[in-house]
Amino acid sequence: MVSPDDGSVMIPASGETAVKVTNLVKTFDNGSVTALDQVSITVPTGQLLVIIGLSGAGKSTLLRHLNGLHLPTEGSVEVLGQDVPALTRPELRHLRRDIGFVFQQFNIVGRVTCIENVLSGALGRIRGPRIGAMMYSKSLRVEAFEQLDRVGLADRAWQRTDTLSGGQQQRVAIARSLMQKPKLVLADEPVASLDPEISGQVMDLLVQCCIEDNITVICSLHQVELALGWTDRLIGLRDGKVVMDTPVDDSLNQDAVMEVYRELDPSGDKREEYAESINSPVL
């Protein structure tokens, strides 16, 4: 397990690079609040990466730099070969077509059907707005149905999305993201509002689809044990700094889980509160 003191990180051997962040600093409130402090990470294409940390550690802020929702105060951000801060608005829109985003609160339109929500993921590939599923081409409707089938909701295609359970709504959100045909998927606490059993099912589904499509995944999570169950690599953030970067394999045991908690909260002041919030044993 690597816990760098200088902000550097361990880079697994790989071919192409999907994301490269170098010495990233982000401050708010005229520099009085530092959200990210000299963060440097490189993510190879096809990797499943989890970023983990306590609330306020900088996880969401980091993800929002990768699709241009935030601009760095200092440092550089390269995604899919593009210098994100240097992109014009049209260039950034073009890049975002290749970046799927799965949100904690699903961000779907509840009053329309599941298939309409999924079809909206294709808007970056077509011209003009669409109102209703039948305004999309037959080929796109077939594709959307296939994505719903992948997430186990083909039989709910014409059902209003707000009648589904939370776990089912997140499945629709995953299908919508896959409908983009993304090269990179960013998932910001995608199971934070779900119970542990459903959380595992949703994460398994996300991972399975992304492996099948060779998509790079960067996901922020609170649940250490859930992260260790499926990720290739775990990065820990604390107070905006990278404090841990380790590959994940079957050799990681309960002692390793305890070490993760210690890296995230070395004082132990928040460990009990953190464990309780994610229904995990206190470590």
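How many helices and strands are there in the protein? I looked this up in a predicted model and found 9 helices and 10 strands.

**Entry: the whole chain**

I noted that 51% of the 283 residues count as buried. I then looked up the accessible surface, which comes to about 13400 Å². Carbon and sulfur atoms hold 47% of that surface. For contacts between residues at least 6 apart in sequence, I found that 71% join residues at least 24 apart.

**Entry: the largest pocket**

I looked up the volume of the largest pocket and got about 480 Å³. Its lining has 18 residues, and R96, I99, S120, G121 and Q180 lie nearest the centre. The elements giving two or more residues to this lining are helix 2 (89-96), strand 6 (99-102) and helix 5 (166-179). Which element gives the most to the lining? I found that strand 6 does, with 3 residues. I also sorted the lining by residue type: 5 are nonpolar, 8 are polar and 5 are charged.

**Entry: T216**

I picked out T216, which lies in strand 8 (residues 216-221).

Leaving out residues up to four places away in sequence, T216 touches A18, V43, P44, T45, G46, Q47, K183, L184 and V185. For G46 I noted an atom pair as well: the side chain of T216 reaches the backbone nitrogen of G46 at 2.8 Å.

Note on methods. Residues numbered from 1 in each chain as written. Predicted model: local features only at pLDDT ≥ 70, side-chain atom pairs only at ≥ 80, totals over all residues. Heavy atoms only, no water. 1 Å grid on protein atoms, 1.4 Å probe; cavity = no way out; pocket = protein on both sides within 12 Å on 5 of 7 lines; lining within 4 Å. Points joined across faces, edges and corners; volume = space filled by probe spheres on them. Helix = DSSP H or I, 4+ residues; strand = E, 2+ residues; numbered from the N terminus. Nonpolar A, V, L, I, M, F, W, Y, C, P; charged D, E, K, R; others polar. Polar contact = N/O pair within 3.5 Å; in protein donor to acceptor, adjacent residues only side chain to side chain. Contact = heavy atoms within 4.5 Å. Buried < 20%, exposed > 50% of the residue type's maximum accessible area, 1.4 Å probe, protein only. Areas by Shrake-Rupley, 256 points an atom, 1.4 Å probe, with all protein chains shown as cover.
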